[in-house]
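These are my notebook entries on a single structure. I looked up a few residues, then the pocket, the cavity and a surface patch.

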Amino acid sequence: MSFIIISYIVNILVAGVMGSLLFFNLKGKLKERILKVFGENTSGRQILACLYLSIAIFSIIGLFNETYFFKIALFLFPFQILYKTLTLISVKDKSNPVPYFNLAISILHMISVYQIIQSGILI
């Protein structure tokens with residue numbers, strides 16, 4: 001169960017921080033870095049911010065609600081594995097760090113899903 005908890009915590013930290021950074025119009029050097037990686041503050045970037053924040057919110061619910069701990073993990077982690085793996089294919093700029101971070105998180109979530117399957121806890 002430890003990898004599942006780690007997956008939730010990573011989601012809360014990464015998706016929560018990235019969603020917040022993309023959602024709010026920042027100033028200074030951090031804004032420059034976000035512009036370089038994610039581009040201008042467009043509707044698409046705001047939609048991505050909402051996706052990240054949704055992942056963080058569902059991860060908080062899953063982590064702190066015993067009833068939904070496995071239910072959310074069994075939907076959210078495979079969804080993220082697919083979504084994050086697709087970024088490797090779709091992002092043409094191979095110097096963009098996002099697809100590589102997504103791949104690392106996908107591997108963590110794959111281990112978590114495997115752990116759920118191995119434990120025999122399927123809903």
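I looked up Asp93 and found its place in the loop between α4 and α5; helices here are DSSP runs (H or I, at least four residues), strands are runs of E of at least two, and both are numbered from the N terminus. The model is predicted, so I note that local features need pLDDT of at least 70 and side-chain atom pairs count only at pLDDT 80 or more, while totals for chains, interfaces and linings use all residues. Residues are numbered from 1 along each chain as its sequence is written, and side-chain values use heavy atoms, with hydrogens and water left out.

Next I turned to Lys31, which is found in helix α2. Lys31 is partly exposed, with a relative accessible area of 31%. Its C-alpha atom is separated by 39 Å from that of Ile116, 85 residues apart along the chain.

I then checked Asn102, in helix α5. Asn102 counts as buried, because its relative accessibility is 4%. Asn102 and Leu86 are 16 residues apart in sequence, and I noted 9.4 Å from C-alpha to C-alpha.

I recorded about 310 Å³ of space in the largest pocket. A pocket is an open set of points on a 1 Å grid over the protein atoms alone, with protein on both sides within 12 Å along at least five of seven lines; a cavity is a set where a 1.4 Å probe fits but cannot get out, and lining residues have an atom within 4 Å of a point. Grid points are joined across faces, edges and corners, and a volume is the space filled by probe spheres set on the points.

Which residues lie nearest the centre of the largest pocket? I listed Val14, Met18, Phe38, Val98 and Phe101, out of 15 lining residues. Two or more lining residues come from each of α1 (2-23), α2 (29-38) and α5 (98-119). The largest share, five residues, is from α2. By class I noted 12 nonpolar, one polar and two charged residues; Ala, Val, Leu, Ile, Met, Phe, Trp, Tyr, Cys and Pro count as nonpolar, Asp, Glu, Lys and Arg as charged, and the others, Gly among them, as polar.

Cavity entry. My search of the whole structure gave one cavity of 30 Å³ or more. The largest cavity has a volume of about 40 Å³. I listed its lining as Val10, Asn11, Val14, Ala15, Ile55, Gln80, Lys84 and Ile105. Helix α1 gives the largest share of this lining, four residues.

Patch entry. I found that Phe3, Ile6, Leu103, Ile107 and Ile111 make a nonpolar surface patch of about 380 Å². Patch residues have over 30% relative accessible area and no salt bridge, with nonpolar side chains (Val, Leu, Ile, Met, Phe, Trp, Tyr) joined within 5 Å and like charges within 9 Å. A salt bridge is a side-chain nitrogen of Lys or Arg within 4 Å of a carboxyl oxygen of Asp or Glu. Areas come from the Shrake-Rupley method with a 1.4 Å probe, and for residues only the protein chains shown count as cover. Helix α5 supplies the largest share of the patch, three residues. Phe3 lies in helix α1 and is partly exposed, at 34% relative accessible area.

Note on methods
Buried < 20%, exposed > 50% of the residue type's maximum accessible area, 1.4 Å probe, protein only.
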